[in-house]
Amino acid sequence: MNRKQETINHKPVATALICNIQRFSVHDGPGIRSTVFFKGCNLRCLWCQNPEALKFENELVFSEERCISCGECVKACPNSAISFNGRPSINRESCKGQFACTLVCPSKALEPAAKQYSVTELVTELFKDIDYYGPEGGVTLSGGEPMLKSVFIKELLPVLKENKIHVAVETSGYFDWEKAEPLLSMVDLVLFDIKAVTKKLHERLTGRDNGLIHDNLGKIIGAGIPRRIRMPVVPGMNDSDEELEAVALFIKNAGESSVNLLPYHRMWENKLKKLHDTIKPLGASSLSEEALGEKAEIFRKNGIEVIF
Ligand code: SF4
Ligand code: SF4
């Protein structure tokens, strides 16, 4: 039986909201990958690159630059949530997320942030890229927080593994171990993000305590699950010498020998005005390779290999 036949034989049950399937990604694990961005996260990192993936429920995205001022959305909305004065104006409190406006918008200025997929629909999309994965590449489950979609992923992983596709998971580590453990034992690589190790700082930057994250990292290491610790380095947030030193020692004490440092980019701020949220732009500038290289020295000094 070939790979495509096995996929078609899969019986779908679970569904999940997915914001995006990014093809030909080279930043989310080894080789060339398709990265799946699930919707919903229980952290609120101040620099989250995917603000459209934070809420668990679907929401309306308005890309004003695409609007051709036709006024069709005003007529289509069953909740009178859109008024028009040369340009549409959305009353987000009245919007009930039925997305009737998105069906009539001719220029895709109005779109749902995510689309509901069954496992079969998702693997059909992922299989379109199978010839590009090669021996190293594959699929990366990201978000949002993919480990919060355990019912869906429990159905998805066996299909990908039966078809010998390398699977990586990008996670904040903030999940219920009981639900995640059987899934993580099926993945080829866990990309585990550490934002800060100082408790108070972590709470301020992400809105959550890091105790559960540290426990889960310990369990992943203990279970021998292949992993790579990563750290987004965000200017003025978690990049003080003291914090980086503390992270380096934390990694060392956990028995790990390397870290993947991720430079902060501020492109995500462009997405904010398209969404209804209280998230504010961070104001921090992107981090140059040179500046990141200087930060890397703190890890190297502590015996931690740095991967970019
Ligand atoms: S339907 Fe779309 S293009 Fe037309 S006014 Fe509304 S948002 Fe703009
Ligand atoms: S854990 Fe990831 S998806 Fe969640 S808020 Fe932080 S950066 Fe965004």
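Helix axes are lines fitted to C-alpha atoms over the stretch in contact, with angles running from 0 to 180 degrees between N-to-C directions, and angles under 35 degrees count as roughly parallel, over 145 as roughly antiparallel, 65 to 115 as roughly perpendicular and the rest as oblique. This is a predicted model, in which local features need pLDDT of at least 70 and side-chain atom pairs count only at pLDDT 80 or more, while totals for chains, interfaces and linings use all residues. Residues are numbered from 1 along each chain as its sequence is written, and chains are lettered from A and ligands numbered from 1 in the order in which they are written.

The chain is divided into domain 1 (3-57 + 115-307) and domain 2 (60-112), with bounds that come from an automatic or database domain assignment. Taken over C-alpha atoms, the centres of the two domains are separated by 32 Å. In the interface, 6 residues of domain 1 are in contact with 6 residues of domain 2, where contact requires that the C-beta atoms of two residues, placed from the backbone, lie within 7 Å. The side of domain 1 that touches domain 2 divides into 1 nonpolar, 1 polar and 4 charged residues; here Ala, Val, Leu, Ile, Met, Phe, Trp, Tyr, Cys and Pro count as nonpolar, Asp, Glu, Lys and Arg as charged, and the others, Gly among them, as polar.

We turn next to the helices. Helices (H or I, at least four residues) and strands (E, at least two) are DSSP runs, numbered from the N terminus. The axes of helix 6 (residues 150-162) and helix 7 (residues 177-184) come within 10 Å and cross at roughly 15 degrees, and the two helices are therefore roughly parallel to each other. Their crossing is left-handed, a term used if the near helix is turned anticlockwise from the far one by less than a right angle, with right-handed used if it is turned clockwise. Ser150, Ile153, Lys154 and Leu157 of helix 6 make the contact with Lys179, Ala180 and Leu183 of helix 7, a set that divides into 4 nonpolar, 1 polar and 2 charged residues.

Helix 6 also packs with helix 4 (residues 119-127), at an angle of about 40 degrees and with the axes 10 Å apart, so that helix 4 and helix 6 are oblique to each other. This crossing is right-handed, and the contact is made by Val119, Leu122 and Val123 of helix 4 together with Phe152, Glu155, Leu156 and Val159 of helix 6. These residues divide into 6 nonpolar, no polar and 1 charged.

Another pair is formed by helix 10 (residues 241-253) and helix 12 (residues 289-301), whose axes come within 8 Å and cross at roughly 45 degrees; these two helices are therefore oblique to each other. Their crossing is right-handed, and it brings Asp241, Leu244, Glu245 and Ala248 of helix 10 into contact with Lys295, Ile298 and Phe299 of helix 12. The residues of this contact divide into 4 nonpolar, no polar and 3 charged.

The ligands come next, with a residue counted as near a molecule if its C-beta atom, placed from the backbone, lies within 6 Å of it. Ligand 1 is surrounded by 14 residues, the closest being Cys67, Cys70, Cys73, Cys105 and Ala109, and its shell divides into 10 nonpolar, 3 polar and 1 charged. Around ligand 2 lie residues including Cys41, Cys45, Cys48, Arg44, Gly143, Gly144 and Ser172, and that shell divides into 6 nonpolar, 4 polar and 2 charged.

Two backbone details remain. A cis peptide bond, with omega of about 15 degrees, joins Gly143 and Gly144, and Gly144 is placed in the loop between strand 8 (138-142) and helix 6. Ser69, although not a glycine, has a positive phi of about 55 degrees, and is found in the loop between strand 3 (60-62) and helix 2 (72-76).
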